[in-house]
Structures are given as structure tokens and as C-alpha cells.
Amino acid sequence: MFFVLLLSVQMIAQDSSMSTSQPTTTTTTTTASEPAAASPRRFGIYGGANFANINGDAEFNESATGFNAGLMYCILSTGRMLSIWVEPGYSQMGDKYSYGGSSETVKLGYIMLPIMARVKTRFGLYGEIGVQTQVLVSAKSGDYDIKDEINGFDWGIPLGLGFELKNRVGISARW
């Protein structure tokens, strides 16, 4: 079982194919008078750090820091408050452990697909919940490939809190 805390920085932009009256920029502006159906699709990038550990028979576990990076795309928005995001990306997780007098670092790499529902306040603070599937693409213990010993599919229910500035740059933490 993994415990993973994702800390991410995100940047969101406007999709120029959704609106011909506004120039392509790296920020999205939505006024209160604009109807929800007319709100432009938003996309962005994210990246951050993972803090994970593995529970098991090891004598000592110590969290190993990994990274995550990917794309974000808003597939549904009811205006400023509720939105649904698809966030395909890559996530590296791992652990440091001691067993029988030796120590190793395990590093696992996953292609992940979170689908998140986000509720945002008018002040930029938001909460999110969703479902996430992951497919294992690499698994190393020291110099050894252990991919055949690790379950190749994982899923979870991520929960998160974040804050998005008016220029659409934000920071979030997800468990």
C-alpha cells in the first residue's frame, strides 16, 4: 500500500479554438456576466513532488521523493464554481528500506489518469475529489528490474485542496 502526497504547481490557459473573439493568452478571464455555457475550455500543465512510502516487511521505511508532471484539461464547467478535469501524466513514487542488513531504494513509475471534480470559491480556494487509475511502466530496486513482482495496475480516490490566483497559476496538495 502506498501513501502518496502530491504537491503540484499548475498553470492554466485558454483554448483558442473555443473562442474567436479573444486572443490566445496564457490566462483565462471569465466575467460574472458571461453565461456558463460560453465559458472557454481551459487547459494547462502541472508538475510537482511526490512523497510516498511502501508498507511491508522491511525493518525501516523512509519516504522517497519522486515527481509528477502532466497535462490538465477542463472537460466540463458550470461557470466559476464547479468543473471536471482530466489530468493525464507521469508519476514517480518509491521508498527507501532496510532488510537483512542492507538498504535499497525502490522507484516505481506510473502513467496516471486522474479525473477530478473541483469546487472553487470566488476567492480562488478549491477542493477536489476524483478517481485515478495508474499503469506501472517501470519498477527498480537498486539496479534490479522488479516490474514482474509489482502489480501493474493501481487505482485510488484522490482528495485535494488548492489555491488558484487570478492569473490561473495555482498550487495544490493532493492525497
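## A greasy-sided strand

Strand β7 gives the most to the nonpolar patch, with 4 residues. (Strands, E in DSSP, are runs of at least two residues, numbered from the N terminus.) The patch covers about 1100 Å² of surface and is made by I111, L113, I115, I129, V131, V135, V137, F153, W155, I157, L159 and W175. At least two of its residues come from each of β6 (102-120), β7 (125-141) and β9 (153-156).

What counts as a patch here? Its residues have over 30% relative accessible area and no salt bridge, and nonpolar side chains (Val, Leu, Ile, Met, Phe, Trp, Tyr) are joined within 5 Å. The areas come from the Shrake-Rupley method with a 1.4 Å probe, and for residues only the protein chains shown count as cover. F153 counts as partly exposed because its relative accessibility is 45%; buried means under 20%, exposed over 50%, and partly exposed in between.

## About the model

This is a predicted model, in which local features need pLDDT of at least 70 and side-chain atom pairs count only at pLDDT 80 or more, while totals for chains, interfaces and linings use all residues. Residues are numbered from 1 along each chain as its sequence is written, and side-chain values use heavy atoms, leaving out hydrogens and water.

## Charged partners

Now for the charges. Side chains of opposite charge can pair when their charged atoms come close. How many salt bridges does a search of the whole structure find? The search finds 6, where a salt bridge is a side-chain nitrogen of Lys or Arg within 4 Å of a carboxyl oxygen of Asp or Glu.

One of them joins E128 and R118, at 3.6 Å from N to O. E128 lies in strand β7 and R118 in strand β6, so this pair ties together parts that are 10 residues apart in sequence. R118 also meets E164 in a salt bridge, again 3.6 Å from N to O. That pair links distant parts of the chain, with R118 in strand β6 and E164 in strand β10 (residues 159-164), 46 residues apart. E164 in turn pairs with R168, their closest N and O atoms being 2.7 Å apart. Both E164 and R168 are buried. Salt bridges that share partners join E87, R118, K120, E128, E164, R168 and R174 into one network.

## A look at R174

R174 sits in strand β11 (residues 169-174). Is R174 buried or exposed? R174 counts as buried because its relative accessibility is 9%. Its side chain makes polar contacts (pairs of N or O atoms within 3.5 Å, one able to donate a hydrogen and the other to accept it) with the side chain of E87 at 3.0 Å and with that of E128 at 2.9 Å.

Key: Buried < 20%, exposed > 50% of the residue type's maximum accessible area, 1.4 Å probe, protein only. Patch = residues over 30% accessible without salt bridge, like charges linked within 9 Å, V, L, I, M, F, W, Y side chains within 5 Å.
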